[in-house]
Amino acid sequence: MKHESGSISINTENIFPIIKKWLYSEKDIFIRELVSNASDAISKMKKLDVMGEAELPEGNKFEIKVIVNKNDKTIKVIDNGLGMTEEEVKKYINQIAFSGAVDFLEKYKDKSDDGQIIGHFGLGFYSAFMVSQRVQIDTLSYQKDAAAVRWVSDGGTEFEMSDSDKSERGTTITLYLSDDSLEFTEEYTMRTTLEKYFAFLPYELYLEDAAKVEEKKEETKEEEKEGDEKEVTEPKKPEPLNDTQPLWLKNPKDCTDEDYKKFYSKVFHDFNEPLFWIHLNMDYPFNLKGILYFPKLKHEFETNEGQIKLYYNQVFVADNIKEVIPEFLLLLKGVLDCPDLPLNVSRSFLQNDGYVNKISTHITKKVADKLTSIFENDRESYNKYWDDINPFVKYGCLREEKFYDRVKDVLIFKSTKGGYTTLKEYLENNKDKHENKVFYVSDENQQAQYIKLFNENGMEAVILSNMIDNHFMSLLESKGTGLQFNRIDADISESMKQENTGIPEADVSYLEGLFKETVNDEKLKIQVESLKNETIPAVVLLSEQSRRMQEMSKM
Ligand code: ADP
Ligand code: MG
């Protein structure tokens, strides 16, 4: 029986951002919205049960099912959450952009916490019309004596409401797809999309391909007609697509190294083991859960391309959102679940949000703490990790002063004497030979002769050969009073020369002439000395200053 028809009232204040997103977003977000609503409906039902406002039938098992059907060009999203009464459909569906989630939280806000409600981070139910020519809702509320309602709309502004034959609690959304969106009836496409957003949804999520099921039925009928003997096979128990209890929500005490490694390779499809990880598990003063992994570098001279996946109550939102995560952390790999994020606002707003700043600061501190703790408790491992993590640490120091302040004492350098040294250790160990000076090697092959000279003279240099090291040295120089980095070929020290070797004047001027002529440069500066090492006839020296000038102008 027809109950009502009418126009959907549009809250003009909210429609503009919706339409904008509509135009720019990925088409597949309609499924993110509908399954999120299904999940919210279950969360609400659960909460009503916990609060004693509703009673669940014995053996109740919450689940969400998506059924694609190529034959009739439909997609169904079915949940057994709280359902809606006729009044609620009018209120929550007929008024575009009127968020029932807000209403729900308002109503129950004093009674319990508001965790787990996903609503409200996208354009919501109406995104269904991005892919459909007709949308139908069949819903039966948990409330006593509620009648099932059907709501149908062709295009999103006119609707009709009538009785529905739905007999079980919950909601079924049926999308009659437009011809340009039929790809979503492909099981593979739908599976990939669902896995992207809902791999960690808190309730079991199933996908069914109705066209395939129909095909199978036909086959069996045919076979029965032909009288073939058929082995009786148990129908396979369907598997949910998702892991309802992702590792990041568990207590770190209950997670083994194996768990962390397995989770890493599953989520990032990276079969190199991560070096180490940080499990973020914070409830107060804000809710932040997640795991950050330090990956192994793939190539020696390449900084990592990381990936930080952002979740909102176990629903995937996006990768690498710069506004939420400090940029240098994007070199890591990880998952973050921040249910307190104000995701319904625009990204540019996020940048100025106090909560986002707090998240950022907290994560930065946790990363610095982790590095410090490994340095202090397991220096051997720390040294081993350094080649892989140093571009990340240095980049962090350059980008965030707070990070630099926290890790400045655990910055280490590979030494030409073997092993690794901190800046403090280096300066202390070499203070008799030179003060406040650090010699470094930027290319171990090219500067092999100098390294040899250094070794013979008991001198020490550190290896700084990454792209980022020029900037990093400048940073350290700006922090340490009078600290100066000198490339190993900037000069030779007195200790490398033979003492009191009077070289005849004639030899000196002969050598000077020879060199100037050979390189064809009258202004070339030539120093004639006798090195202790007699196998090295000559070295080219380049003052630190002029070399840096040259490099700067090259850039
Ligand atoms: P939001 O989820 O942000 O509240 P939506 O547009 O997605 O906004 O949904 C509007 C409202 O419609 C929801 O808040 C909810 O009250 C109702 N609703 C939508 N889908 C369902 C569902 N599957 N079960 C019960 N209620 C639903
Ligand atoms: Mg929603």
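T171 is buried, because 24 other C-beta atoms lie within 10 Å; a residue counts as buried if 20 or more other C-beta atoms, placed from the backbone, lie within 10 Å of its own, as exposed if 12 or fewer do, and as partly exposed in between. This is a predicted model, in which local features need pLDDT of at least 70 and side-chain atom pairs count only at pLDDT 80 or more, while totals for chains, interfaces and linings use all residues. Residues are numbered from 1 along each chain as its sequence is written, and chains are lettered from A and ligands numbered from 1 in the order in which they are written.

T171 is found in strand β9 (residues 170-177); helices (H or I, at least four residues) and strands (E, at least two) are DSSP runs, numbered from the N terminus. Leaving aside residues up to four places away in sequence, T171 touches A41, D79, G81, G83, M84, I137 and T139, where contact means that the C-beta atoms, placed from the backbone, lie within 7 Å.

M84 belongs to the loop between β4 (74-79) and α3 (86-93). M84 is buried as well, with 26 other C-beta atoms within 10 Å. Not counting residues up to four places away in sequence, the contacts of M84 are V89, Y92, T139, S141, V149 and T171. In an unreviewed entry, UniProt places the feature "binding site" at E33, N37, D79, M84, S99, G100, T171 and R347; such annotations may be inferred rather than shown by experiment.

The report now turns to helix packing. Two packed helices are described by the angle between their axes and the distance between the axes. Axes are lines fitted to C-alpha atoms, for helices over the stretch in contact, and angles run from 0 to 180 degrees between N-to-C directions.

| Helix pair | Angle | Axis distance |
|---|---|---|
| α9 (residues 354-377) and α10 | about 150 degrees | 8 Å |
| α10 (residues 379-399) and α14 (residues 469-479) | about 50 degrees | 10 Å |

α9 is therefore roughly antiparallel to α10, whereas α10 and α14 are oblique to each other; angles under 35 degrees count as roughly parallel, over 145 as roughly antiparallel, 65 to 115 as roughly perpendicular and the rest as oblique.

The crossing of α9 and α10 is left-handed, meaning that the near helix is turned anticlockwise from the far one by less than a right angle. L371, I374 and F375 of α9 make this contact with R379, S381, Y382 and V393 of α10.

α10 and α14 also cross in a left-handed manner. Here K394, C397 and L398 in α10 meet H471, F472 and L475 in α14.

Note on methods. Two residues are in contact if their C-beta atoms, placed from the backbone, lie within 7 Å.
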